Amino acid sequence: MKIGFIGLGIMGRAMARNVLQGGYSLTVYDKFASCDEIKALGAAVVSSSREVAAASDLVITMLPNTPHVKEAILGPDGVLAGAQPGLIIVDMSSIAPAASKELHAEAQKRGVAMLDAPVSGGEPKAIDGTLAIMVGGDAAVFERAKPVLEKMGSSVVHVGEIGAGNVTKLANQIIVALNIAAVSEAFVLATKAGVSPEAVFNAIKGGLAGSTVMNAKVPMILAGDFKPGGRLELHTKDLLNVLETSRELHVSLPLTATCMEIIQSLICDGMSGYDHCAIVRYYEKLAQVEVRK
Ligand code: NAD
């Protein structure tokens, strides 16, 4: 099976490398980022999404948000313009579930299959090939795509029809954002009270409050390292998709709405490109304290 990959940013470049090193031939395209690194490993680099589709049996997209995915798939130089019937598109970007359904309907008109397969785990797990991948779409198409997805993730779970992958990702992003906010409140309080935040981390990480989020983010906070990882501007995009979906469904999400406002104020302070663990900076500013080693 020949694989195409569109979007070689923080996540895509590591995921594409794992597909290539997993033994698949790979054709790649990125509108802005350099593809030199993956080219040196043996990938073919082309200059449009259309050309990626023409050279591939399965095309993966890993792009920031809905408009980018729409451009890459539906645009005049997009995947559908170059696709043969039978092509499989696997969109691994985190986008609105309603957009996944729209794109799937357009693809179907051309005899092209589509899955939505967003990921969790951030850059470290993208590099290790241990992402959690949540997949929506036809079960038979999922089975065909699964061996490729297993090159990028240690957990590949079919969660339902098209759009279900991105619904699952929205649920994931609520938990990650609120978990970072809870960790931030707790560590700012402890630091202000004069207790070493490193000691607090060592004392509680193995207990009920411990979490994957805490293990990943507290060492970064203690080091004052806010290099992304998951950028605040991408997390705000996910929470906007959460709140839009919750309005469509008449579901009230007060904690997510508050967290969204916290992130907005950080973006106003110029931190949109910081890792999402910079949520702690909001609480640090209010309490006039820094959670550092
Ligand atoms: P990124 O901005 O680093 O990479 C996106 C890439 O897409 C860029 O290289 C950009 O040049 C390219 N691009 C944009 N528009 C394009 C187009 N029309 N055609 C071709 N290429 C185009 O983003 P990322 O951090 O790799 O995230 C990608 C997706 O994965 C996002 O939806 C994000 O929410 C999700 N995600 C990110 C993380 C993380 O920790 N970074 C974790 C899980 C999921």
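The side chains of Asp238 and Lys237 are in polar contact at 3.0 Å. The model is predicted.

Reader: What makes the Asp238 and Lys237 pair a polar contact?
Author: The distance is 3.0 Å, side chain to side chain. The cut-off is within 3.5 Å, and residues adjacent in sequence count only if both atoms are side-chain atoms. The pair therefore qualifies on distance and on atom type.

Reader: Why is Asp238 called buried?
Author: Its relative accessible area is 5%. Buried means under 20%. So Asp238 is buried.

Reader: Where does Asp238 sit, and what does Asp238 touch beyond four places in sequence?
Author: Asp238 lies in helix H12, residues 232–249. Asp238 touches Ser94, Lys169, Leu170 and Gln173.

Reader: Which domains does the protein have?
Author: Domain 1 spans 3–161 and domain 2 spans 167–287. Their contact takes 13 residues from each. Their centres, over C-alpha atoms, are 28 Å apart.

Reader: How much area is buried between domain 1 and domain 2?
Author: About 1,100 Å², with 59% from carbon and sulfur atoms. On the side of domain 1, Ile10, Ser94 and Pro97 supply 36% of the area buried against domain 2, more than any other three residues.

Reader: What residue classes does domain 1 bring to this contact?
Author: The side touching domain 2 has 9 nonpolar, 3 polar and 1 charged residues.

Reader: How many salt bridges and polar pairs cross the interface?
Author: The rule finds 0 salt bridges. It finds 4 residue pairs in polar contact, both residues at pLDDT 80 or more.

Methods. Residues numbered from 1 in each chain as written. Predicted model: local features only at pLDDT ≥ 70, side-chain atom pairs only at ≥ 80, totals over all residues. Heavy atoms only, no water. Domains from an automatic or database assignment. Contact = heavy atoms within 4.5 Å. Buried area = accessible area lost by both parts, 1.4 Å probe. Salt bridge = Lys/Arg side-chain N within 4 Å of Asp/Glu carboxyl O. Polar contact = N/O pair within 3.5 Å; in protein donor to acceptor, adjacent residues only side chain to side chain. Nonpolar A, V, L, I, M, F, W, Y, C, P; charged D, E, K, R; others polar. Helix = DSSP H or I, 4+ residues; strand = E, 2+ residues; numbered from the N terminus. Buried < 20%, exposed > 50% of the residue type's maximum accessible area, 1.4 Å probe, protein only.
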